Amino acid sequence: MRTPIIAGNWKMNKNPKETTEFVNAVKADLPASSKVESVIGAPAVDLQALLDAAKGSELKVAAENCYFEDEGAFTGETSPKVLSEMGVDYVIIGHSERRQYFKETDEDINKKAKAIFANNMLPIICCGETLEQREAGQTNDWVSGQITNALKGLSAEQVASLVIAYEPIWAIGTGKTASSDQAQEVCHVLRETVAKLYDQTTADKVRIQYGGSVKPANVKELMGKDDIDGGLVGGASLVPESFLELVKFNA
Ligand code: PEP
């Protein structure tokens, strides 16, 4: 009932030429977006190349961040209004790297989510715990709090349409994947959080991705879990062959 969504998160790793080459290598082989949504999240400087190359294909486009104001004196920021005008579909917000290195707060993320909806795009909202928090037994309360804060003031209809990405920080770029049971447990808690904040119908519709060292070798097992509807993938999304294996996990 929920369409799986596999999104690459390239981080700061490709230039426009490499972006075009990547899309040209994958675009004819992508699954129909009604079966699996294939998304690439790219740096702002690559988005025009990504959009141009992806035109007419099944590939959807995500920005890796945006600001919460449409325009004004915000040197160096990326306008959600302009992303929308360009044709961007999704914006990844609240990635742990942005929270850690750029001091993004839950309040910023909530404002960004509202700005993204106001501009007719959809947010992919990330949450996740540190290893210390996991070992202290704080994971469920922590991620549930992050998502509660991110969703403040959004309507049930908006929440049903967005994507949550559960990304344990200790599993990002480390080669350590959460076990499929660990990932399922937290994704279930996040769905229950949405049910408590809204209702079960909304919770049944929202898509929840797992992210953290997802690769072709583990994607099928993770996607087989009841509350995991997709993956947010860093390293393994950079190579065309491996991205294709990921989006075709159920082929
Ligand atoms: C990410 O970038 O969000 C991520 C999960 O990275 P990786 O797949 O490399 O762990």
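Here are some quick questions and answers on how the labels for this predicted model come about.

Residues are numbered from 1 along each chain as its sequence is written. Since the model is predicted, local features need pLDDT of at least 70 and side-chain atom pairs count only at pLDDT 80 or more, while totals for chains, interfaces and linings use all residues.

Q: Why is A195 called partly exposed?
A: A residue is buried if 20 or more other C-beta atoms (placed from the backbone) lie within 10 Å of its own, exposed if 12 or fewer, and partly exposed in between. A195 has 15 C-beta neighbours inside 10 Å, so it counts as partly exposed. You'll find A195 in helix α9 (residues 180-197); helices are DSSP runs of H or I with at least four residues, strands are E runs of at least two, and both are numbered from the N terminus.

Q: What makes N120 exposed?
A: N120 has 10 other C-beta atoms within 10 Å, so it is exposed. N120 sits in the loop between α5 (106-118) and β5, and its phi is positive, near 60°, though the residue is something other than glycine.

Q: And K11, which class does that one get, and why?
A: K11 counts as partly exposed because it has 17 C-beta neighbours inside 10 Å. K11 belongs to the loop between β1 (5-9) and α1 (16-26), and it has a positive phi of about 60° although it is not a glycine.

Q: What makes β4 and β5 a pair?
A: Strands pair if DSSP finds at least two bridges between them. Strand β4 (residues 90-93) and β5 have four bridges, in the parallel sense, and Y90 has L122 as its bridge partner in β5. β5 also pairs with strand β6 (residues 163-166), again parallel over four bridges, with C126 opposite A165 in β6.

Q: How do you know that A62 touches I124?
A: Contact takes C-beta atoms, placed from the backbone, within 7 Å. Leaving out residues up to four places away in sequence, A62 touches several residues, I124 among them, along with others including V39, I40 and V91.

Key. Contact = placed C-beta atoms within 7 Å.
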